[in-house]
Amino acid sequence: MSIYTLGIDIGSTASKCVMLKDGRDIVSKSLIAVGAGTSGPQRAIAQVLESAGMKREDMDYVLATGYGRNSLEGVADHQMSELSCHGKGAAFLFPEVHTVIDIGGQDVKVLQVENGVMTNFVMNDKCAAGTGRFLDVMARVLEVKVEDLGTLGAQSTKYVGISSTCTVFAESEVISQLAMDTDKRDIINGIHKSVASRVAGLAHRVGIRDQVVMTGGVAQNTGVVKALEEALGHTIHTSPLTQYNGALGAALFGYQRYLKEHQA
Amino acid sequence: MSIDVLLKEFQEVSEHPYKVLSQYKAEGKKVIGVLPYYAPEELVIAAGMVPMGIWGSNKKTIALAKEYCATFYCTIAQLALEMLLDGTMDQLDGIITPTICDTLRPMSQNIRVAMGDKLPCIFLAHPQYRRPAFGMQFTVDQYTNVKKELEKIAGAEITDEALRGAIKTMNASRAARREFVKLAGQHPEAVSAVLRSAVLRSAWFMEKAEHTAKLQQLNAELAALPASNWKGKKVLTSGIICDNPKLLQIFDDNGIAIAADDVAQESRLIRVDAAETGDPMMALAQMYADQDYDVLLFDEKSSENRRADYVVKQVKESGAQGLILFMQQFCDPEEMEYPYLKKALDAAGIPHVKLGVDQQMRDFGQASTAIQAFADVL
C-alpha cells in the first residue's frame, strides 16, 4: 500500500503544497500567491487535495514549514524550519548539491549541504534588501510586472548602479534614475546586480561549493540568477519546481518521520 | 520551598522591576540606578543603599530618547534614557553611568543633560589599562569619586568595614549565580531558558543578600535532583543581553537548553570576586583588573585571540553542542569581535548561528526559524 505525505510551505508571500507518494513521486502540487495570516494556506491545502482527488484523512503524514508553519495546528502532524526543508528538497532535486541559495519573500538563506543534510546556514538580518520583497517594491516603482523583470533586464545595454544597502534608499535611487529618463531595462539590470551583490556577500560567509542550487520564487528571475552567477563565479542550477522546494522538502521529511514512527 | 515556587518568585521580580523599586522606596530605602558595565555595586551597598541594574526594557518603545540619540544607537542605552525621561525611574536617588563603550560614554552626558538637577548622575570612567599600577590607581581614583558622590546621597560616610561587608555580600551573590548557571545547565528539565534568564536578571533588581539567600535555596534544591536525562540539544549563548522571554521561549519550544553563557548581563560580569581583606578600594580595583575575556575590555595580547579561545573552551566544558550569538544591533565591540569568534569556533568545529537582536523587536519569527534550523544542524 502506498504512503502519501503532504508538505505545506506557508511563506510570507505565498502558500505552497506538495503531495508525495512513497517519498518519491509528486502526486499533486498547489500554489496560492498569498502566505501567512491569509486564506492562502487553507486554499492551497484544499487545492492540492482536490487535484489529487484525496482528503486530509488519506494523508499518512502532514508536515508544515515556512514562516506560518505554527498556524496549522490540527492540520499538520509536525512542523519544521524551512531551512531544513529547503536543504532536503534541493538534495532530492539535485543529489550533488552542496550549496542552496533560497531567496524568499522576506528572507535570504544560504545553506551548506553535505550528503543531502544541512550542515550550516546563514540568514539575512532583519532587512528587506536582497529579498523578494525588494524586487516587488522595485517592480511597483518601475510599473512593470515582477515576473517580467528577468526578460526586461536581459535587454539592458548600459550599467546602472543601484545601492544594495537598503530597500528604501534603493527605491529613491530608482525614482531618481526614472526622473533622469534612464532606460527602465538598465535600471532593472542594476537592481538584479544589487540583489546579487547582497546575496553573494551572505553566501561567502558559509562558503560556496558546487553544485550551487537556487530555490524560492526569485529563482524564476533569470536576471537575478545570471547576476548571481557572475558575482559568485559558479554555475547556478534551478528547477521548474523552485517555488515548491520547501514544500517538497517538508513532504520528504514527512515520509521519513512516518517510516520512523511506524517502524518503532 | 519547591523549585517551581522559587523560580516563579524570581520571575515575578524579573518582570516587574518597577514594583520592586516602589517597594524599596515605600520601605524608606534609597535606590541607586546602575547602568552597565562593571559599576562597583559594593559601594552602593556599603552606603546602605540599594543598587538596581538598568538594562533597557523589553516592553517600552523608544520615543523621548530619540531627541538625544541617532537611530543606530544601542537600544539598551536608549531605553535606559527613555525610562529616565518618561518618569519610570523618578523614584531613583541617583544613577551611576559607566562609560566603557563608545555608546555609553556620550550617553552618560545625554543622561546628565537630560536629568539636570532632577537626579544626581555619577560619572564613572574605567581605565582600559586596568592592570598596571597606574591603571589600578586610576580605578581607585574613579571609585573614590563615585564613593564621595554616593556618600552625599546617603548622607553618611562609607567606612572600610562597611565596604568589606558589601564585598562579602557581592562575592556571595556572584558565587551563588555562578553555581546556579552550572546547575541550570545540568538540569534543563527543571529550569527552562525563560526562567533561567529570570533568575539571573532578577539579581540586578533585588537586594543582593535577599536574592542570594533565595538563590542558595534554589541551588540546594537543584543539586539534590537526580542526574538529568535531557534528550534535547544544549547550546552556549553569547552576547550583551538575551533576556526577552519571547525569544527564550523559542529555546524551550524547540528543546534547546542553555548549558552556560557568555552573556554580559548574565555571566560575563560575575566571573571574578574581590578580596575580603585588606584595602577594600584596592580590592575593588583589583577585581576590575582581574576581569577578562570581555569584548569591552582591552587585551594586551589581543593578537592571540584569547577571548575566542576562552569561549570555545566554555562551549566544550559546558557540554554545549553549539553556540547561539545574540548580536545586539548596532554594538560596535560585539560586531568587531565577531570575526575572531567565528574563526575560533570554525577551527574547533563548533557550529554557531548569529542572530541580530535589539530591544525594540516584538516579533521573533525570523529568530524562531533560525534557532529551529540550528537545532536540526546540531
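These are my notebook entries on a predicted model with chains A and B.

**Entry 1: the interface**

I began with the contact between the two chains. I found 18 residues of chain A in contact with 18 residues of chain B. The size of an interface is often given as the accessible area lost when the parts come together.

I next looked up the polar side of the interface. The rule finds nine residue pairs in polar contact across the interface of chain A and chain B, with both residues of a pair at pLDDT 80 or more. For salt bridges across the interface of chain A and chain B, the rule returns zero.

I then asked which elements of chain A make up the side that touches chain B. Helix H2 (82-93) and strand E8 (117-123) of chain A each supply at least two residues to it. The largest share, five residues, comes from E8(A). By class, I noted six nonpolar, six polar and six charged residues on the side of chain A that touches chain B.

**Entry 2: cavities**

Rolling a probe the size of a water molecule over the atoms shows where empty space is left. I searched the whole structure and recorded four cavities of 30 Å³ or more.

The largest cavity has a volume of about 230 Å³. I counted 21 residues in its lining, and the closest to its centre are B:Tyr38, B:Ala39, B:Glu41, B:Arg174 and B:Leu269. Helix H3 (41-46), helix H7 (160-186) and helix H11 (280-290) of chain B are the elements that give two or more residues to the lining of the largest cavity. I sorted that lining into 16 nonpolar residues, one polar residue and four charged residues.

The second largest cavity holds about 160 Å³ of space. I recorded eight nonpolar, four polar and four charged residues in the lining of the second largest cavity.

**Entry 3: the largest pocket**

I then turned to pockets. The largest pocket has a volume of about 830 Å³. It is lined by 40 residues, of which B:Val295, B:Leu296, B:Asp332, B:Pro333 and B:Glu337 are the closest to its centre. I traced the lining of the largest pocket to helix H4 (75-85), helix H5 (104-115), helix H12 (306-318) and helix H13 (332-347) of chain B, each of which supplies at least two residues. H13(B) gives the largest share of this lining, five residues. The lining of the largest pocket divides into 26 nonpolar, five polar and nine charged residues.

**Entry 4: salt bridges**

I found 39 salt bridges over all chains of the structure. I examined one of them, in which B:Asp292 pairs with B:Arg131 and the closest N and O atoms are 3.4 Å apart. B:Asp292 lies in the loop between H11 and H12 of chain B, and B:Arg131 in the loop between strand E4 (121-124) and helix H6 (133-154) of chain B, so the pair ties together parts that are 161 residues apart in sequence.

**Entry 5: backbone exceptions**

Most residues other than glycine have a negative phi, and most peptide bonds are trans. I looked for departures from both patterns.

I noted a cis peptide bond between B:Pro36 and B:Tyr37, with omega about 0 degrees. B:Tyr37 is in the loop between strand E1 (31-34) and H3 of chain B. I noted another cis bond from B:Gln329 to B:Phe330, where omega is near -5 degrees. B:Phe330 sits in the loop between strand E7 (322-328) and H13 of chain B.

Where in chain A does A:Glu143 lie? I placed A:Glu143 in the loop between helix H3 (132-142) and helix H4 (149-154) of chain A. A:Glu143 is not a glycine, yet its phi is positive, at about 55 degrees.

How values were computed
Residues numbered from 1 in each chain as written. Chains lettered and ligands numbered in written order. Predicted model: local features only at pLDDT ≥ 70, side-chain atom pairs only at ≥ 80, totals over all residues. Heavy atoms only, no water. Contact = heavy atoms within 4.5 Å. Salt bridge = Lys/Arg side-chain N within 4 Å of Asp/Glu carboxyl O. Polar contact = N/O pair within 3.5 Å; in protein donor to acceptor, adjacent residues only side chain to side chain. Helix = DSSP H or I, 4+ residues; strand = E, 2+ residues; numbered from the N terminus. Nonpolar A, V, L, I, M, F, W, Y, C, P; charged D, E, K, R; others polar. 1 Å grid on protein atoms, 1.4 Å probe; cavity = no way out; pocket = protein on both sides within 12 Å on 5 of 7 lines; lining within 4 Å. Points joined across faces, edges and corners; volume = space filled by probe spheres on them.
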